[in-house]
Amino acid sequence: MSKAINFEEARVKVEELVNELNQYSYEYYVLDAPTISDQEYDQRYRTLLEIEEEYPELVKGDSPTQRVGDGLIDGFQKVEHSSQMLSLDNAFNLEELKEFDQRVKSLADHDFNYLAEMKIDGLAIVLRYEDGLLVQAATRGDGRVGENVTENIRAIAAIPLRLRENVTAEIRGEIYLPKKSFVQLNEERESEGKDTFANPRNAAAGTLRNLNPKITASRNLNGFFYTLVNPENYGVQSQEEAIEKISSWGLRTNSDYRKFKQIEEVWDFIEEANEKRMDLAYDIDGVVIKINQLAVQEEIGMTVKSPRWAIAYKFKAEEAITKILEIEWTVGRTGVVTPTAIMNPVFVAGSTVQRASLHNVDLIKERDIRIGDTVVIHKAGDIIPEVLRVVLDERPVDSETYEIPSHCPACGSELTHLEDEVALRCINPACPVQAQERMIHFASRNAMNIDGLGEQRIRQLFAADLLDSVVDLYEIESADLIELERMGEKSSKNLVRAITDSKENSLERLVFGLGIRHVGSNTARLLAAEFKTAEGLMEATYEDVLAIDGIGEIIADSVVSFFKNEDAQELMTELAAHGLNMKYLDTSGPVDEAIASVFTDKTIVLTGRLEHFSRNELKAQLEDYGAKVTGSVSGNTDLLIAGESAGSKLTQAEKLEVEVWNEAQLMEVLAGE
C-alpha cells in the first residue's frame, strides 16, 4: 500500500480503529450483543493492518492485530503469584452445607449474607493489567507458582488486551471451552485420526498449554472472571461489588449468581443450577458459596489450604451401568473408521442412551473393552456418551479379547493404521460410504443447505445409482426421482428446485461443502471473503492464505494442497459448468426498523423444536434485529420463543412470568404483521 495518508493522519486513524475494534470485540464476546456485521469488522481490521504495515512504529500493544504472533512459544516460564491461590473445601450434600453454615456463623461477629456462583469447570487463570494494558497471564500451577501463558491468552478474542479503565489490577477467573466448540473440536480430531479430548476442561487445558498461539486462537476458548486481588484498592467491599467492578472494566463475568441470607435458600439455588446445567453453553461441576462481605471474609480468615469463608458444592458425577451388546464400525468422509459401543438402553444425564463413543482402537485396547462386558458410562462434558471403565467382576467367564477389524466394513479394503494417528483409516478412494459421507456433508445446513436432501435421501439416491459424485447431483431431474419410494411428483420437483437453488449460494458455502481437511465453516468464510472468487482462491499461494488473520500453517497447507490436486481442479470446473456461483456474496443487508424495534435490547431464549427455522438461523436473525439470544432462562429474560416439545426452559419461564411466544406469533412479527 502506498503512503496515502501522512504520519499524523495515520496516528489518529490507528487510535480510532483500535478503540473501535476493541469496543466491537467487547460487545461481541463479553456482552454477546454485536453491533456490526463480521464483514464490517473485517474491513476495519484490514484497514488497521495496512496502516500498521506502513507505519510499524504506530502498532499499539492493545491492537487486535497483535493478538497472535507468528512464532512458537519456547516453553513456559514460571510465574510466582502475588498471593497464594488456595483450594476450596467441598460439600456434597445439604448436611455438609449446614455444617459449613454453622461453622462460619460461629466465627463471624458481624451479620453477612452468601453469594452463590456457578462453579465453572475450566482452568484457573490469573491476569495482570498495568495502566489498563494486559502484561501477563499465568496458570494456577501449584497455587504459589504457575506458568506464563500470556501469548496464548492474548490469542483468545474474549480476553481484552486493554481494560476499559487505565487501572493496574490482578484479576482471577476461569478459562473454558464452550460445549459446542468441544463437540466440533472432537469431531475434527476424530476425523483426522487424532486422540479426542475427554471433556471440555481437558481440551481447554491442552489448548492453553500448547506452544502455538495460532492453535489457541482457532479453538474458541472463553472465560469468566470473579476474583479481584486487593479489592480494597478499588473501593470494593463485597464479592458482588468485585464482580461488578471486573465487569465494568470489560472482562466477562457470569451474571448467573445470587445473594442469600439462609443456607436453605442456597440449596434451592443449587438444585436449580443442577437442573439447568445441561442447557448451559458451558460446563459447570457445582456451585461456589462465599460470604459476600469482604470484611467478614477477612474476619473469619483461612486455613493453610483453603478459605474458611467459602465452600464448593460439587454435583454428583452422573454415571450409569449397562452392557455392551456389539461394537459397530462406521466410515467417515475422510476414511477414518470409528468404533461405537451398542449397549442396553440406559438413562444418564438427562436422556436415554444406547450408543457410546469408543473413539479409536487404542482406547479399546487400553480399557480392554469386550462384547458382553458390563461397563460404567457417563457423558463427557454432559454431552457425549462415553465408556469409562469395565466392571471386571461382572465379566463373563468365556469372555474373549475383542478382535480389531482389519478390513473396511464398507468396501472390504485393508485398513491402515498410520504412524501419526490413533485411528484406523480406509484409504480406498472408491470406498462408497466415504462418497456418501462427503455428499451428506456437501448438502448439510452449514454447507450447501439443500432442503430435503438429508442423510437418508442421499443413501437412497446412491442405492438407486443416481449419485456417485457431487457433479451428479446437479444432473438429477425430477423424472429420475419420481419412481423412488416416498418420492411423488411434488416431492421430486421440490428436491430438484432445492438443488437448483443451491447453485446461487455464496462461495463460502461451496468451499466448506468441499470437505477440505481442517477447513470449517468460519475458515471457509474467511477464504471466500479474502479471495472473492473460486479462481482467486485456487490460484492463492501458501503465503497468501497464511496472511489471513485466523488461519495458521496447517490450514494454509491443506487449502493450497487441495486446490493443486488435478481432481479438485476438474471438480471445480465441472461445478462451474453446471451453473454454480463461484463468487463471494456479501449477504448483509438493511434491517427492517419496525421489526428491529420489537427485538432491540431484548434478551431472548429459544427452546423446543421449530418447524420453520433452525436454531442457528433464528438466533442470527434475531441478533440482526438487535436482540441478545442466550441459552438459559433467568430473571433478565424478556422473551421465550417455544417450539414443540419445550421442556424445563418453558417451565422456568412460566415460573418467572417471562413472556412466551409460539412459532406462529414469532412469524407474524417477522412478517411485519
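**Reading a sheet and its salt bridges**

Me: Which strands does helix α25 (residues 648–655) lie across?

Reply: Helix α25 lies across β18, β20 and β21 and runs at about 145° to β20. Contact means heavy atoms within 4.5 Å; axes are lines fitted to C-alpha atoms, for helices over the stretch in contact, with angles from 0 to 180 degrees between N-to-C directions. Helices (H or I, at least four residues) and strands (E, at least two) are DSSP runs, numbered from the N terminus. This is a predicted model, in which local features need pLDDT of at least 70, side-chain atom pairs count only at pLDDT 80 or more, and totals for chains, interfaces and linings use all residues. Residues are numbered from 1 along each chain as its sequence is written, and side-chain values use heavy atoms, without hydrogens and water.

Me: In what order do the 4 strands of the open sheet stand?

Reply: Strands pair if DSSP finds at least two bridges between them. Here the order is β19-β18-β20-β21, with parallel pairing. β19 (628–630) and β21 (659–662) are at the edges with a single partner strand each, so one side of each lacks a neighbour in the sheet. Between β18 (residues 603–607) and β20 (residues 639–642) there are 4 bridges.

Me: Which residue forms a salt bridge with Lys-119?

Reply: A salt bridge places a side-chain nitrogen of Lys or Arg within 4 Å of a carboxyl oxygen of Asp or Glu. Lys-119 forms one with Asp-285, the closest N and O atoms being 3.3 Å apart. Lys-119 lies in strand β3 and Asp-285 in strand β10, so the pair ties together parts 166 residues apart in sequence.
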